Amino acid sequence: MYIPQHFEVTDKEDIFAFIEANAFGQLISMVNGSLFSSHIPFLLSNDQQTLIGHLAKPNPQWEGIEGQEILVTFQGPHDYISPSWYASVGVPTWNYQAVHVYGKCEPIFEPEKLTNIVEGLTRKYESSFEEPWKPEYRESLLRAIVGLEIEITEIQCKYKLSQNRTKQDKEQVVQQLEKKGSIHLSHAVKSEL
């Protein structure tokens with residue numbers, strides 16, 4: 001990913017918090033000589049060295065993925081930024097937050113590991129409900145998925161949040177994003193003031 005220095009994020013704690021908060025990512029690899037992408041939720045391992053997820057077994061992406069260098073992208077809030085919002089001269093642009101994770105993927109078929117993956121995802125996404133669903137897995141359901149463990153080899157993080165603009169321009173961007181209802185992005189830009 002192209003990352004000008006003023007948009008680069010290197011703080012690991014911030015990057016991993018972003019991944020946790022925006023864990024629905026795109027798994028990108030080669031399938032039969034062509035790029036292929038699947039949109040799936042991921043878990044970050046406790047040691048922050050591995051991404052964990054699963055694919056439906058009919059999805060051809062898992063076949064041949066073992067040992068490939070893969071890319072997982074995570075995206076946060078994003079929106080169009082009009083140059084009319086600036087006090088100084090500018091051009092149309094887009095503000096956004098994104099993390100790219102590179103790694104080596106290993107397919108997982110063992111029922112115990114698959115159960116742990118599904119239970120981990122369920123725990124994460126059911127935890128906000130008043131009465132969380134408690135999973136009961138039949139072996140036939142676990143045979144319908146392939147687990148994924150991705151050993152992280154490189155992380156790139158870019159927050160393009162008007163850091164290259166004046167304070168006055170950034171304040172205008174925040175105000176205009178709030179008017180548009182782009183609240184999460186306005187908060188992110190505000191953190192750069």
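**Overall make-up.** The model is predicted. The protein holds five helices and seven strands. Along the sequence, their order is α-β-β-β-β-β-β-α-α-β-α-α. The C-alpha atoms fill a box of roughly 60 × 45 × 30 Å along the principal axes. Of the 193 residues, 46% are buried. Among contacts with a separation of 6 or more, 73% join residues 24 or more positions apart.

**Strand pairing.** Strand β6 pairs with β5 and is also joined to β7. The table sets out both pairings.

| Pair | Residues | Sense | Bridges |
|---|---|---|---|
| β5 and β6 | 69-81 and 93-108 | antiparallel | eleven bridges |
| β6 and β7 | 93-108 and 145-160 | antiparallel | 13 bridges |

Glycine 103 of β6 takes part in both pairings. Its bridge partner on one side is isoleucine 70. Glycine 103 also stands opposite isoleucine 152 in β7.

**Helix pair.** Two packed helices are described by the angle between their axes and the distance between the axes. For α4 (residues 167-180) and α5 (residues 183-190), the angle is about 165 degrees and the axes lie 8 Å apart. Angles over 145 degrees count as roughly antiparallel, so α4 is roughly antiparallel to α5. The crossing is left-handed.

Which residues of α4 meet α5? They are Lys170, Val173, Val174, Leu177 and Glu178. From α5 come Ile183, Leu185, Ser186, Val189 and Lys190. The residues of this contact divide into six nonpolar, one polar and three charged.

Key: Residues are numbered from 1 along each chain as its sequence is written. This is a predicted model: local features need pLDDT of at least 70, side-chain atom pairs count only at pLDDT 80 or more; totals for chains, interfaces and linings use all residues. Side-chain values use heavy atoms; hydrogens and water are left out. Two strands pair if DSSP finds at least two bridges between them. Helices (H or I, at least four residues) and strands (E, at least two) are DSSP runs, numbered from the N terminus. Axes are lines fitted to C-alpha atoms, for helices over the stretch in contact, and angles run from 0 to 180 degrees between N-to-C directions. Angles under 35 degrees count as roughly parallel, over 145 as roughly antiparallel, 65 to 115 as roughly perpendicular and the rest as oblique. A crossing is left-handed if the near helix is turned anticlockwise from the far one by less than a right angle, and right-handed if clockwise. Contact means heavy atoms within 4.5 Å. Ala, Val, Leu, Ile, Met, Phe, Trp, Tyr, Cys and Pro count as nonpolar, Asp, Glu, Lys and Arg as charged, and the others, Gly among them, as polar. Buried means under 20% relative accessible area, exposed over 50%, partly exposed in between (1.4 Å probe, protein chains only).
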